[in-house]
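Let's take a walk through this model together, one region at a time.

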Amino acid sequence: MFTGRVLGQYQAATVRIGFGLVWLAYLLREWPNRRLLYGDTSPWSTDLAQQLLADNRALTVLPWFGGRPWFELVYHLAVLAALAVLLGWRTRASTVLFLVTVLSLQNRNVFLGDGGDNIVHLMAIYLVFTRCAEVWSLDARRGESGRSGVPLWTLLGALLLVCQLGGFAGTSLDWTTPGFPYVGWAPLFWGLWAVAGLWWLAERLAPEGETRAVLDALATMVHNCAMLVIAVEVVLIYATAGWYKVQGSRWQDGTALYYPLHLDYFTPWPGLSGLVGGALLPVFLISYGTVLLQVGFPFTLVDRRVKNALLVVMMAEHIGIAVLLGLPVFSLAMIAADAVFLPTAALCWVGARVARIRPRRAPLS
């Protein structure tokens with residue numbers, strides 16, 4: 001079954017839409033400040049960034065040419081990639097471009113973010129290996145149309161070849177790395193490009209042949225493994241966060257929420273934060289409830305009903321964090337990650353209701 005059926009296709013589509021929306025919203029929100037955060041006017045200068053990149057060998061294309069024109073091109077490509085992932089357009093290519101642009105901007109300045117950036121960073125990698133456009137995407141609406149994808153495949157291959165041989169990519173496209181996992185980004189990009197070409201060739205020459213069946217089974221297996229990794233990642237995030245909180249004295253005495261509610265940095269609505277932070281009982285209950293939810297979440301996965309109820313509570317909590325503490329990117333990223341555990345029936349019900357919301361055509365006169 002692990003190679004014969006695409007598991008969690010609705011959950012994968014929801015995760016794709018969620019993280020495409022999160023990254024797109026973030027880029028648009030920070031558009032006026034983009035140069036200060038990641039560009040040529042950033043306090044974390046290009047020279048400082050390159051010194052750090054020489055040590056950690058992280059992937060980013062921003063230092064390749066430097067200067068404002070190249071930065072503007074990469075930033076706006078990131079916007080387009082996020083929109084393409086959100087809509088599910090040419091998802092095999094757009095998820096790779098999404099990965100490159102997310103890592104390029106985040107690795108340019110690693111001192112930004114509120115925790116949500118780490119989740120987007122990881123999910124951008126995992127989405128490349130999923131079949132997240134099987135439903136709720138433009139790709140699913142148009143069906144199989146390999147012919148129109150050939151020019152895009154050729155263009156991406158030519159661009160990758162230029163980047164590989166141009167001498168300006170530095171260590172970003174190395175085949176090997178000195179440390180774990182000892183494999184660079186070049187094998188991943190070239191492998192994805194080659195598999196896409198082989199998939200198209202098998203579809204054109206022998207759509208019912210053994211090669212096509214093997215490729216489909218391998219793609220399904222990789223997708224199912226990636227969805228499992230996403231689920232495990234979410235469980236680890238909650239479990240580690242919960243157990244670390246247990247060790248903190250402020251969480252033990254139930255006052256942890258009180259302090260951020262009285263910091264100007266975390267109070268976008270001072271009146272609301274003061275109202276909640278001034279009531280000791282709600283602060284105590286929310287602090288203890290947060291710890292119990294995070295520590296107990298992995299154990300609820302054995303019971304579907306308890307897990308679903310807990311998911312609703314956790315998503316409501318993230319909405320509260322976004323409003324009270326002013327952390328919308330973190331909250332939306334966690335809600336998008338939580339979607340991997342949502343029941344298929346609920347997602348199908350929501351999808352059916354959304355599909356019915358269509359603008360009515362004006363009557364012909």
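Helices here are DSSP runs of H or I with at least four residues, and strands are runs of E with at least two, both numbered from the N terminus. This is a predicted model, in which local features need pLDDT of at least 70 and side-chain atom pairs count only at pLDDT 80 or more, while totals for chains, interfaces and linings use all residues. Residues are numbered from 1 along each chain as its sequence is written, and side-chain values use heavy atoms, with hydrogens and water left out.

Trp136 has a positive phi of about 55° although it is not a glycine. That deserves a second look because most residues other than glycine have a negative phi. Trp136 is partly exposed, with a relative accessible area of 31%; on this scale buried means under 20%, exposed over 50% and partly exposed in between, for a 1.4 Å probe and protein chains only. Arg90, in the loop between α4 and α5 (91–108), also has a positive phi, near 45°. Arg90 is buried, at a relative accessible area of 15%.

Trp136 also leads us to the second largest pocket, where Trp136, Ile17, Val350, Gly351 and Val354 are the residues nearest the centre, out of 26 in the lining. Among the elements that give two or more residues to this lining are α1 (9–29), α4 (67–87) and α16 (344–356). (A pocket is an open set of points on a 1 Å grid over the protein atoms alone, where a 1.4 Å probe fits, with protein on both sides within 12 Å along at least five of seven lines; lining residues have an atom within 4 Å of a point.)

The largest nonpolar core has 65 residues, and Phe19, Trp23 and Leu105 touch the most other members. Such a core is a set of buried Ala, Val, Leu, Ile, Met, Phe, Trp, Tyr and Cys residues joined through side-chain atoms within 4.5 Å. A second, separate core of eight residues includes Val276 and Leu325.

Val276 brings us to α12 (residues 270–277), whose buried residues are Ser273, Val276 and Gly277. These lie on the same side of α12 because they cover an arc of only 95° around the axis, taken from the directions from the helix axis to the C-beta atoms. They pack against α13 (280–300) and α14 (304–324), where contact means heavy atoms within 4.5 Å. The face turned away from the buried side of α12 carries the exposed residues Gly271 and Leu275.
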